[in-house]
Amino acid sequence: MNPPRASVIRIVRSRWLPGTMIIAADIVFLIFNFFATDRTATECVIDFYLSQTAAYVLITLWSIIYSPFGKSTRRIVAVIAVMNIALVATYWHVETVHPNIEKITIICIAQVVLLLLYVVWFVISSMFRCKSWIALILAVALMATFPVCFRVTAFTGDAVPKLQWRWSEVNEVPAVGQTTIKSSVLPDFDYPQFLGPNRNATLSDVGLSREWSTRPPRLLWKIPVGAGWSSFAIVGDNAITQMQDGDRETVVCLDLMSGQRKWTYAYTAQYKSELAGDGPRSTPTIHGNYVFTFGATGILNCLALDSGRLVWTRDVAAEAGATPLDFGYASSPLVVNELVITCVNIEQALHAYNWKTGALVWQNGDDYCSYSSPFLVNLNNEQQVVLFNAGSLSAHGPADGRTLWSHPWRKEQPNIAQPVFVSDNTFLITSSYGAGCALLKVSAAEGAGATVRTIWKNLRLKAKFSTPVLHNGFLYGLDDGTLVCVDAKNGKRMWRQTLETRCGHGQLMLVDDMLLVQTESGDIVLVRATPEAHEEVGRINALSGKAWNNPALAFPYLVVRNHQEAACLLMPTEEPAQPE
C-alpha cells in the first residue's frame with residue numbers, strides 16, 4: 001500500500017471525520033441559506049435557528065460517543081448537555097407569559113449560543129494547547145461578554161432579534177411632540193374602523209397626487225405614544241387609538257390636525273411579549289357617538305366619542321372562560337345593525353353584544369379564534385359575518401351567529417391577515433410560516449347549505465401581518481415581507497420586488513390605482529398597482545423603528561404609528577385639470 005493511499009484511509013477511518021462532516025455540512029447550509037433568493041427571510045431565519053440547533057445536538061453526540069477527545073473533555077461536554085436539557089425542560093414547563101413559538105425561538109437562540117461556545121472552546125484549546133477545563137472557563141468568560149454588553153430589545157417580523165448596547169437609552173423617541181405645519185381643514189371622508197370603511201384597506205376616488213418628487217407629503221405633527229400595535233380610527237377631527245401605559249391599557253383620542261390629546265380612558269390590563277411586543281393590538285371602531293375597543297387581554301369597552309366616558313364594559317375572555325391568545329387578542333370590534341361583534345379563544349369564538357347596553361345577545365361558532373377580525377359581506381342574497389379562525393374560514397348569520405359555511409385551513413401557526421373578498425362568491429385567504437394562499441369559491445346555496453371548494457392554492461403569497469388588496473383582478477400583498485403581484489384568476493405571480501427594495505413586515509392599502517405601502521422600517525412608499533412590473537413612484541420616511549401598525553387615511557391626512565411614536569402626514573392632492 002503506497003503512503004498517500006494509506007494516509008487517505010487513515011483520515012477516512014479517523015474519528016475526526018464525523019465531526020468534520022457535520023461542520024462542513026453546516027457551513028454549506030449556512031452559505032446556501034444566506035444566498036437563497038427563492039425563499040423568504042422568515043423561512044431563512046427559522047431554518048438558521050433549527051439548523052444550528054441540530055448542529056449543536058449532532059456535535060454533542062459525536063463529542064460524547066465517537067470523538068477522539070479524552071475522558072475529561074467528554075465528561076465536560078456531557079455535563080453541559082445534561083444541564084442544557086434540564087434548563088430547556090424547566091423553561092418549557094414553567095408557567096410564563098411567553099407563548100410556545102416564543103419559547104421555541106428563545107430555546108433555539110440558546111442552542112446557537114452553545115454551538116458558538118463549543119467552537120470558541122475548541123479554538124482556544126487547540127491554539128493555546130491548554131487543558132479542557134481551562135479552555136472552557138476562557139470560552140465561557142468570552143461568551144459571557146455578549147449578554148453583559150448587549151440586550152435583545154425586540155424581534156423583527158422575520159424573527160431576527162434586535163440588539164442594543166446595554167448602556168444606551170432604550171427609548172429614542174423625542175420627549176416632546178413636534179408640529180411642523182398647521183391645518184384646519186377637515187378630512188374629505190372618515191376612516192372609522194380597522195382597514196377603513198369597508199375593512200378591506202381600499203379607498204377609491206381619493207385624488208392622491210403621484211408627483212411626490214415635486215409635491216411630497218408633509219409632516220403635520222409627530223408625538224411619542226405608548227406601546228401597542230393598534231391603528232387609528234378617524235371620524236371628523238377625532239383620531240383614536242389604543243396603547244399601553246404602565247400596567248394600564250389606554251384609549252386615547254387625539255385632535256387630528258394638531259396631535260393634542262382630547263381625552264384618555266385607561267383601565268388595568270397588560271399584555272407583554274419580547275417576541276411580539278407589548279400592549280393592545282386591535283383598532284377601535286367608531287359608530288355614531290360611540291367608540292368600541294377590544295384590549296389584548298379580552299376586555300371590550302364602549303366609550304362616548306365626545307368625552308371618553310365609559311358607557312359599558314365586558315371582560316369577554318374572562319366571562320367566556322377563554323384561554324389567552326399567545327400574542328394577545330387582536331380582533332377589532334365589528335358593528336352590525338344593533339350588535340357589536342368580537343371573538344375570543346374558545347370553540348364558540350364569536351360573541352355579539354347589544355351595542356347600546358352591552359348585553360350578550362349570542363355566542364356561536366365552531367372554531368377557536370386567531371388574530372384576524374370579523375368583517376361583513378353580502379353573499380347569496382344575505383349579510384354574512386366572515387371570520388378567519390385558528391383553523392378555518394367561516395361565515396355566520398349576524399342575527400344569531402349560526403355557521404352558514406366553513407372551510408378548513410392550516411392551524412399550526414397564526415392566521416392574521418384579513419381574507420380578501422375577491423368577487424361575489426370567492427375569497428382569498430393567506431397565512432405565513434409556509435401556509436401560502438388559496439382562492440375559495442362558495443356555492444350559490446343560501447343559508448347553511450352553501451359549500452366551499454378550492455379554485456387554486458400555492459405558496460406565491462404568504463401574508464403574515466398585512467392584508468392583501470385587490471385591483472382590476474390582481475392581488476397585491478407582502479409575501480413574508482416582499483411586495484408581490486398575483487393574478488387572482490389563477491394564482492400566477494406577476495412580479496416580486498427585489499431584495500434591495502424589500503418592504504419588510506409592514507402594511508399596505510390601495511388608494512385609487514396606487515399602493516400606499518408602509519415599510520417595516522417606517523417609510524411610506526407609493527407604488528403603481530399594475531401587473532406589468534414593480535414600479536416605485538415615491539418614498540418618504542414617517543416613523544423611526546419597527547412599524548407594524550396599519551396606517552389610517554382620512555384624506556388628506558395619513559396617520560401612522562408604531563410602538564413608540566405617531567405621526568400625521570398631509571398628503572398631496574391632484575392638481576385640477578386645466579381647461580383647454
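**Sheet, aromatic pairs and cavities in a predicted model**

Val57 lies in helix H3 (residues 41-65), where helices (H or I, at least four residues) and strands (E, at least two) are DSSP runs numbered from the N terminus. This is a predicted model, in which local features need pLDDT of at least 70 and side-chain atom pairs count only at pLDDT 80 or more, while totals for chains, interfaces and linings use all residues. Residues are numbered from 1 along each chain as its sequence is written, and side-chain values use heavy atoms, with hydrogens and water left out. With a relative accessible area of 41%, Val57 is partly exposed; buried means under 20% relative accessible area, exposed over 50%, and partly exposed in between (1.4 Å probe, protein chains only). A distance of 8.7 Å separates the C-alpha atoms of Val57 and Ala81, which are 24 residues apart along the chain.

Attention turns next to a sheet. Four strands in the order S14-S15-S16-S17 make up an open sheet with antiparallel pairing; two strands pair if DSSP finds at least two bridges between them. Strand S14 (334-336) and strand S17 (360-364) are the edge strands, each pairing on one side only. From one strand to the next, the twist averages 25°, with axes taken as lines fitted to C-alpha atoms and angles running from 0 to 180 degrees between N-to-C directions.

The pairings can be followed along the sheet. Three bridges link S14 and S15 in the antiparallel sense, and Leu334 stands opposite Ile341 in S15. The hairpin of S14 and S15 has two residues between the strands, and Asn337 in this hairpin takes a positive phi near 55°. S15 and S16 run antiparallel and are joined by five bridges, with Cys343 opposite Leu350 in S16. Six residues lie between S15 and S16 in the hairpin that they form. Strand S16 (residues 350-354) is in turn joined to S17 by four bridges, again antiparallel, and Tyr353 has Leu360 as its bridge partner in S17.

How covered is strand S15 (residues 339-343), and how many of its residues are buried? Five of its five residues are buried, and the strand is mostly covered. Both faces of S15 are covered, with Leu339, Ile341 and Cys343 buried on one side and Val340 and Thr342 buried on the other.

Aromatic contacts come next. A pair of aromatic rings is described by the distance of the centres and the angle of the planes. The structure holds twelve aromatic pairs, where rings of Phe, Tyr and Trp (its six-membered ring) pair if their centres lie within 6.5 Å, and planes under 30 degrees apart count as stacked, over 60 as edge-to-face and the rest as tilted. One of these is the tilted pair of Trp229 and Trp548, at 4.8 Å centre to centre and 40° between the planes. This pair links distant parts of the chain, 319 residues apart: Trp229 is in the loop between S5 and strand S6 (233-235), and Trp548 is in the loop between strand S33 (536-541) and S34. Trp229 counts as buried at 10% relative accessibility, and Trp548 counts as buried at 9%.

The ring centres of Phe292 and Trp355 are 6.5 Å apart and their planes are at 80°, so this pair is edge-to-face. Phe292 in strand S11 (residues 290-294) and Trp355 in the loop between S16 and S17 also link distant parts of the chain, 63 residues apart. Both Phe292 and Trp355 are buried. Together with Tyr290, Trp312 and Tyr353, Phe292 and Trp355 form one aromatic cluster.

Some backbone details stand out in the loops. Leu195, a residue other than glycine, has a positive phi near 65° and sits in the loop between strand S3 (178-179) and strand S4 (202-203). Leu195 is buried, with a relative accessible area of 4%. Asp205 has a positive phi near 55° and is found in the loop between S4 and strand S5 (218-224); at 74% relative accessibility, Asp205 counts as exposed. A cis peptide bond, with omega about 10°, joins Phe555 and Pro556, and Pro556 lies in the loop between strand S34 (552-554) and strand S35 (557-561).

Finally, there are two cavities of 30 Å³ or more. On a 1 Å grid over the protein atoms alone, a cavity is a set of points where a 1.4 Å probe fits but cannot get out, and lining residues have an atom within 4 Å of a point. The second largest cavity holds about 30 Å³ of space, a volume being the space filled by probe spheres set on the points, which are joined across faces, edges and corners. Its lining residues include Leu350, Asn364, Asp366 and His396.

Conventions. On a 1 Å grid over the protein atoms alone, a cavity is a set of points where a 1.4 Å probe fits but cannot get out, and a pocket is an open set with protein on both sides within 12 Å along at least five of seven lines; lining residues have an atom within 4 Å of a point.
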